[in-house]
Amino acid sequence: MELLQLRYFMESAQRGSFAATAEQYMVPATSVSAAVRRLEQELGCQLFDRTSNRITLNENGVRLLQTLEEVFAKLDGTVSALSQKEDTR
């Protein structure tokens, strides 16, 4: 499991779109979709219900999204604080 896979999942879940996530990260949508599929394979469960043009979080996805939003908020806050500390030296 890679940090980027988790970021792709979280962004896609929040936006409801692999394409929107791909645009944000400037990568092909197929790269985002493939990364999320690998994450699902590693976890052994589906995170989205997929139709031809739409993704919808399922119960597993909701649970993971809630956890990741908390974890990434802490991580991003810590990284920001550390970066600011470096700037003051």
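**Exercise 1. Find which atom lies 2.7 Å from a polar atom of the Gln 5 side chain, then describe the surroundings of Gln 5.**

Step 1. A polar atom of the Gln 5 side chain lies 2.7 Å from the backbone nitrogen of Glu 2. This is a predicted model, in which local features need pLDDT of at least 70, side-chain atom pairs count only at pLDDT 80 or more, and totals for chains, interfaces and linings use all residues. Residues are numbered from 1 along each chain as its sequence is written, and side-chain values use heavy atoms, with hydrogens and water left out.

Step 2. The side chains of Gln 5 and Glu 42 are joined by a polar contact of 3.4 Å. A polar contact is a pair of N or O atoms within 3.5 Å; within protein, one must be able to donate a hydrogen and the other to accept it, and residues adjacent in sequence count only if both atoms are side-chain atoms.

Step 3. Apart from neighbours within four places in sequence, Gln 5 is in contact (heavy atoms within 4.5 Å) with Ala 35, Arg 38, Leu 39 and Glu 42.

Step 4. Gln 5 counts as buried because its relative accessibility is 2%. Buried means under 20% relative accessible area, exposed over 50%, and partly exposed in between (1.4 Å probe, protein chains only).

**Exercise 2. Describe helix H1, where Gln 5 is placed.**

Step 1. Helices (H or I, at least four residues) and strands (E, at least two) are DSSP runs, numbered from the N terminus.

Step 2. H1 has 13 residues and spans 18 Å from its first C-alpha to its last, close to the expected 18 Å. The expected span is 1.5 Å times one less than the number of residues.

Step 3. The buried residues of H1 include Gln 5, Tyr 8 and Phe 9.

Step 4. After H1 comes Gly 16, with a positive phi near 70 degrees.

**Exercise 3. State how many aromatic pairs the structure holds, and describe two of them.**

Step 1. There are three aromatic pairs. Rings of Phe, Tyr and Trp (its six-membered ring) pair if their centres lie within 6.5 Å; planes under 30 degrees apart count as stacked, over 60 as edge-to-face and the rest as tilted.

Step 2. Tyr 8 and Tyr 25 form an edge-to-face pair, with 5.1 Å centre to centre and 80 degrees between the planes. The pair links Tyr 8 in helix H1 (residues 3-15) to Tyr 25 in helix H2 (residues 18-25), 17 residues apart. Tyr 8 is buried because its relative accessibility is 6%, whereas Tyr 25, at 26%, is partly exposed.

Step 3. Phe 9 and Phe 48 form a tilted pair, 5.4 Å centre to centre with 55 degrees between the planes. Phe 9 lies in H1 and Phe 48 in strand S1 (residues 48-51), so this pair ties together parts 39 residues apart in sequence. Phe 9 is buried at 0% relative accessibility, and Phe 48 is buried at 3%.

Step 4. Phe 9, Phe 18 and Phe 48 form one aromatic cluster.

**Exercise 4. Work out how S1 is joined to strand S2.**

Step 1. Two strands pair if DSSP finds at least two bridges between them. Four bridges join S1 to S2 (residues 54-57), and the strands run antiparallel.

Step 2. Phe 48 stands opposite Leu 57 in S2, and Thr 51 has Arg 54 as its bridge partner.

Step 3. S1 and S2 form a hairpin, with two residues between them.
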